[in-house]
Amino acid sequence: MARAIFTEEHEAFREMVRSFIEKEIAPHHEQWEKDGVVSRDVWLAAGRQGLLGIDMPEEYGGGGNPDYRYYVVLNEEFAKAGVHGPGFSVHNDINGGYLRQLCTPEQKARWFPGYCSGELITGIAMTEPAAGSDLQGIKSTAIKDGDHYVLNGSKTFISNGILSDLVIVVAKTDPSAGAKGVSLLAVERGMEGFERGRNLDKVGMHAQDTAELFFDNVRVPKENLLGEEGMGFIYLMQNLARERLSIGVTAQAAAESAFEQTLEYCKTREAFGRPIGKFQYNRFTLAEMKTELTVTRSFTDECVVKESKGELTVDEAAMLKYWNTELLKRVVDRCLQLHGGYGYMMEYPIAKAYQDVRIQTIFGGTTEIMKEIIGRSLGV
């Protein structure tokens, strides 16, 4: 089905993104997988190409374009290419929202130019060893001491954790106030007491650096508070819908890519003297996947349009994240099965996809949490 949500400008941007991937990422991604981290050069290249901070003000080097569909195109093409190393979506879709909405003029002047050029890589630290989806259960504290906050605690599973120069840290500035005591602090590389742990050894997405972060009496200037003190939990709830939408968009594109690869394989791979796609069971399996992907594409694009208008609701984002990531997991599993033994070989993209997609139903809020959000919206 033809998609009606993009203009000629979006499609021209898509071609540019494809060229960028082919030139700046594809030749290096295998090595980055071995290294467990991408080169900072690709961030600088993305900055020069205008792929970072598309919606940031032009005066700071951003694109000045609030049209969310450009980020959708960017995320789709990275997903289709299977290049998960550069954590641009965390930088753009997640952190950009907090910074754009909450930064003071002084903070914007300090951070935005580097953010848009790729010289300043960002991360966000929510999850803790004992607190995942339950953000109210975090233990990290940032207690005011004169002109500083003294930050203590640890975070884990932090994307861009090794490379990040500016980390948005979720901490309790008033531990006795529950959700109303949570604030957001911008912690900068080099602050005394801020240490990075190991680059975590994950099942998939090996080129994307994911780390533990430790904060031992880190003195964070009050000028690094994002927004108002005690409003952190509200800011998180306001921005998580965009994060979950971006995950859903990526999942849909990755599932479509896996299906297209497998369909071509089924047309060319032969068994018992004919292409394996000619066997009824396999043909029905392909038909089921194509139908599910087509139906889901309609809802995904509807959510993209609603987000572009500022109308996407929290429960709709949860539905999309839940459904699309679970669909991706099912599609990739069936596609690998259709590849037979070759699907288990890492030289085939479907094997790599099988490793990479498993996290999709977990990060950004687990499937179970998404169902809880949807259920609450129903009044039950």
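Modeller: Gladly, and please keep in mind throughout that this is a predicted model.

Biologist: How many aromatic pairs are there by the rule for ring centres?

Modeller: With ring centres required to lie within 6.5 Å, the count comes to nine aromatic pairs. Among them is the pair of Phe272 and Phe279, whose centres are 6.4 Å apart with 75° between the planes.

Biologist: Why is the pair of Phe272 and Phe279 called edge-to-face?

Modeller: Planes over 60 degrees apart count as edge-to-face, and the angle here is 75°, so Phe272 and Phe279 receive that label.

Biologist: Why is Phe272 called exposed, and why is Phe279 called partly exposed?

Modeller: Exposed means over 50% relative accessible area, so Phe272, at 80%, counts as exposed. Phe279 has a relative accessible area of 23%, which lies between the 20% and 50% cut-offs, and therefore Phe279 is partly exposed.

Biologist: What makes Tyr322 and Trp323 an edge-to-face pair?

Modeller: The ring centres of Tyr322 and Trp323 are 6.2 Å apart and their planes stand at 90°, which is over 60 degrees, so this pair is edge-to-face. Tyr322, at 23% relative accessible area, and Trp323, at 36%, are each partly exposed, because both values fall between 20% and 50%.

Biologist: How do you know that Arg274 lies over the face of Phe279?

Modeller: The distance from Arg274 to the ring centre of Phe279 is 4.0 Å, and the cut-off for a charge over a ring is within 6 Å. The charged end of Arg14 likewise sits over the ring of Phe6, at 5.1 Å from its centre.

Methods:
Residues numbered from 1 in each chain as written. Predicted model: local features only at pLDDT ≥ 70, side-chain atom pairs only at ≥ 80, totals over all residues. Heavy atoms only, no water. Phe/Tyr/Trp six-rings, centres within 6.5 Å; stacked < 30°, edge-to-face > 60°. Buried < 20%, exposed > 50% of the residue type's maximum accessible area, 1.4 Å probe, protein only. Lys NZ or Arg CZ within 6 Å of the ring centre and 35° of its normal.
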